[in-house]
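Q: Could you take me through a close look at the nonpolar core of this protein, starting from the overall build and then going inward?

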Amino acid sequence: MRLSLRYDMRAPSIGAAPVELYRAAVEQVGWADALGFETAYIAEHHGAEDGYCASPMILGAAMLGRTERIHVHFSALVAVLHHPLRLAEDLATLDLIGGGGRVEMTMGIGYRPDEFEMFGVPMKKRVRILEEIVEVLDKAWTGEPFEFRGTTVRVRPTPVGPNRPPIYIGGSADASAARAARLGDNYMPAGSEKERLYELYEAERTRLGLPIPPRPAPAGPLFLHVTDDPDRDWELLAPHLMYTTNMNAQWAKERGTGTTGYTFVENIAELKKQPQFVVLTPEQCVEYARERGNDTELMFQPLMGGMLPEIGWRSLELFESRVLPELENLGLREPSGSRKIPASA
């Protein structure tokens, strides 16, 4: 069973200050690295009033510098808003900071018109732009000269190698499956129809005569929280979870096609009915993990909706002390050893 963290760094007025959230995110990833968590996901959007993470690679650099093993996966990186050559340079530099093999990315074509207007990128050309980016990364990371828009260029530094950072293609519409089959190393479908989309991806890979890579580990709920008092914590969590699901559902309307795992809710009773938000006691979490079994993923979003870091920390530390040892006893996780990085570091 894989363990991961996810951050979008939303900081609405109902929650903690951005400076507290960014510091906590880096500290939490350091904690997770010491426990053997596999992945820290970082999302990207621009121009959001709540400060949604606009510089994921800078945050990723801080996380890579703080850790030794955990992978930083940009999911999704709105690649089409980045200059291809600068993107190649930045990602290669990140790979070097992490010592090689710890940088991954799911590239998306974006869907918010305001972001394209903000950067002067024609939204109608976003698929063609993504195609160019993937082609440029493949050439740039060889370190050899190549032709780029009529000019001979060379990108240095290059990733550690021998293999370049893997490129996943993301999306929630049928067209994203075909695009991923053609362009990427793998597919990271989003939304509420992941299984169907991955089947489309595999069928297209077969049609193209390309190998089908192993599927990413099936993810658990969008939000998992461990507590010794669910009633108490639901009251603390609800404003932040309601903010996140309603804001993401509102943004999803801008897609035109595709689905989302987030829905509109009006109160805590409706929120509790949503399967993507799971609040469990340690004993319930152990049973939940046992039922899911190996080859799956449990993901925490301990700062969702700008929640106070101490709330997220309380859940993470309870998972460490009362859930993780049981997962190791069940054979769902290998023993991770004692934690070396304290939560208050």
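This is a predicted model: local features need pLDDT of at least 70, side-chain atom pairs count only at pLDDT 80 or more; totals for chains, interfaces and linings use all residues.

A: The C-alpha atoms fill a box of roughly 60 × 45 × 40 Å along the principal axes, and the chain forms eleven helices and eleven strands. Buried residues make up 54% of the 345 residues, and, of the contacts with a separation of 6 or more, 69% are between residues 24 or more positions apart.

In soluble globular proteins, nonpolar side chains tend to be buried together. Here the largest nonpolar core has 82 residues, and those that touch the most other members are Phe 37, Met 63, Phe 74, Leu 91, Met 107 and Phe 319. The element that gives the most to this core is helix α1, residues 18-35, which supplies eight residues. Apart from this core lies another one, of 14 residues, including Phe 223, Tyr 262, Val 265 and Val 279.

To see how one of these members is surrounded, consider Phe 74, leaving aside its neighbours within four places in sequence: Phe 74 is then in contact with Ile 42, Pro 56, Met 57, Gly 60, Leu 91, Leu 94, Val 103, Glu 104, Met 105 and Thr 106. Strand β3 covers residues 71-77 and also holds Ala 76, which is joined to Ser 75 by a cis peptide bond with omega about -5°. Most residues other than glycine have a negative phi, and most peptide bonds are trans. A cis peptide bond also joins Gly 161 and Pro 162, with omega about 10°, and Pro 162 lies in the loop between β6 and β7.

Returning to helix α1, we can follow how it packs against helix α2, residues 56-66: their axes are 9 Å apart and the angle is about 35°, and the crossing is right-handed. On the side of α1 the contact is made by Tyr 22, Ala 25, Val 26, Glu 27, Val 29 and Gly 30, while α2 brings Leu 59, Ala 62, Met 63 and Arg 66. Of the residues in this contact, seven are nonpolar, one is polar and two are charged.

Finally, the loop between β1 and α1 holds Met 9, which has a positive phi of about 65° although it is not a glycine. Because its relative accessibility is 5%, Met 9 counts as buried. Asp 295, in the loop between α10 and β11, likewise has a positive phi, near 60°, but at 65% relative accessibility Asp 295 counts as exposed.

Conventions:
Residues are numbered from 1 along each chain as its sequence is written. Side-chain values use heavy atoms; hydrogens and water are left out. A nonpolar core is a set of buried Ala, Val, Leu, Ile, Met, Phe, Trp, Tyr and Cys residues joined through side-chain atoms within 4.5 Å. Buried means under 20% relative accessible area, exposed over 50%, partly exposed in between (1.4 Å probe, protein chains only). Helices (H or I, at least four residues) and strands (E, at least two) are DSSP runs, numbered from the N terminus. Contact means heavy atoms within 4.5 Å. Axes are lines fitted to C-alpha atoms, for helices over the stretch in contact, and angles run from 0 to 180 degrees between N-to-C directions. A crossing is left-handed if the near helix is turned anticlockwise from the far one by less than a right angle, and right-handed if clockwise. Ala, Val, Leu, Ile, Met, Phe, Trp, Tyr, Cys and Pro count as nonpolar, Asp, Glu, Lys and Arg as charged, and the others, Gly among them, as polar.
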